[in-house]
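Biologist: I'd like to learn how to read a structure. Could you walk me through one?

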Amino acid sequence: MLLAGDVGATKTVLGIFSAEAGPRAPLVEATFRSAHYPSLEALVREFLGQVTQTVNRASFGVAGPVVSGRAAITNLPWAIDEARLREALRLASVRVVNDLTAVARAVPLLDQADTCRLNAGEPAAGGAIAVIAPGTGLGEAFLTWEGGRVRAYPSEGGHADFAPTDARQLDLLRYLQQRFGHVSYERVCSGRGLPNLYAFLKDIGYAPEPGWLGEQLAGAEDPTPVIANAALTDPPCDLCVATLEMFVAILGAEAGNLALKVLATGGVYLGGGIPPRILPFLRGEAFMRAFRGKGRLGDLLGRVPVHVILTPRVGLFGAAAHGLDP
């Protein structure tokens, strides 16, 4: 029996899996508020105390870089260490991987109903596959095929320098450099980044902020869903529509960058919590125009399939697949 987990700063999803049932069929599953626990060990002990199955190994996808089996989760004071977890939980083996590595590993397991197609393209057999995931932060990963098996690789490309593609984005870069110094793609293309786009457009006077929206934002713990919802209502808020249009163009450009860097002829998948919420904007022309806007290699990217991952359990499935791999 395998214990698998999708470990994030906000929530942790745990499940128990068997090789017979496979990584898409947890025998039991539960979700926990991560901040309510002092450590991953404490959370896992509570979960295992609630189930009847006995596990002998574990695999966790965690929201942060993993180096030599150790990881620190962004925005959560947990230090995660494979050796310490193995000893504390008395397990034969523990694997810890980056959460986007887990998502990438799950891509071959996805059904048609788990995704929404943005570009049909012409997938190359055995071609690399890229994953880019705007959620709270911006995650990136990719996978390759080796001897008929898949191998997923992590990346921290979301922290690479933001590269503007038009005059307004150049102004955005200068605006954010004054606030932050270094401006990464995560600063402009994530749950943390979306409010930065909104503030920029508001401050340059693109459109007035409605009074009702200002009140909602002032009382919101997280302004991102407020902005997204206001762009999708009828009638929509012009300022919020412009914010999502800029967000989608930046996401398309960076998705294209990632596709070029790993030559993702097998496809690009958009993960994270934001893309399924803004599908009407992603289905418009702006995303694919920015994705293909790579000069002489635009035609190559036009042949790359692009999909949005709809299932929120993809990280758990990937962690389970990684743990069940021999």
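Modeller: Pro-235 lies in the loop between helix H7 (223–232) and H8; helices (H or I, at least four residues) and strands (E, at least two) are DSSP runs, numbered from the N terminus. This is a predicted model, where local features need pLDDT of at least 70, side-chain atom pairs count only at pLDDT 80 or more, and totals for chains, interfaces and linings use all residues. Residues are numbered from 1 along each chain as its sequence is written, and side-chain values use heavy atoms, with hydrogens and water left out.

Biologist: Is the peptide bond from Asp-234 to Pro-235 cis or trans?

Modeller: Most peptide bonds are trans, and most residues other than glycine have a negative phi. The Asp-234 to Pro-235 bond is cis, with omega near 0 degrees.

Biologist: And which phi does Ser-68 have?

Modeller: A positive one, near 55 degrees, though Ser-68 isn't glycine. Ser-68 sits in the loop between strands S5 (66–67) and S6 (70–72).

Biologist: Is Ser-68 buried or exposed?

Modeller: Buried means under 20% relative accessible area, exposed over 50%, partly exposed in between (1.4 Å probe, protein chains only). At 67%, Ser-68 is exposed.

Biologist: How many residues does the largest nonpolar core have?

Modeller: A nonpolar core is a set of buried Ala, Val, Leu, Ile, Met, Phe, Trp, Tyr and Cys residues joined through side-chain atoms within 4.5 Å. The largest here has 57 residues, and Val-268, Leu-282, Phe-287 and Phe-291 have the most contacts inside it. Helix H8 (residues 238–262) gives the largest share of this core, 14 residues.
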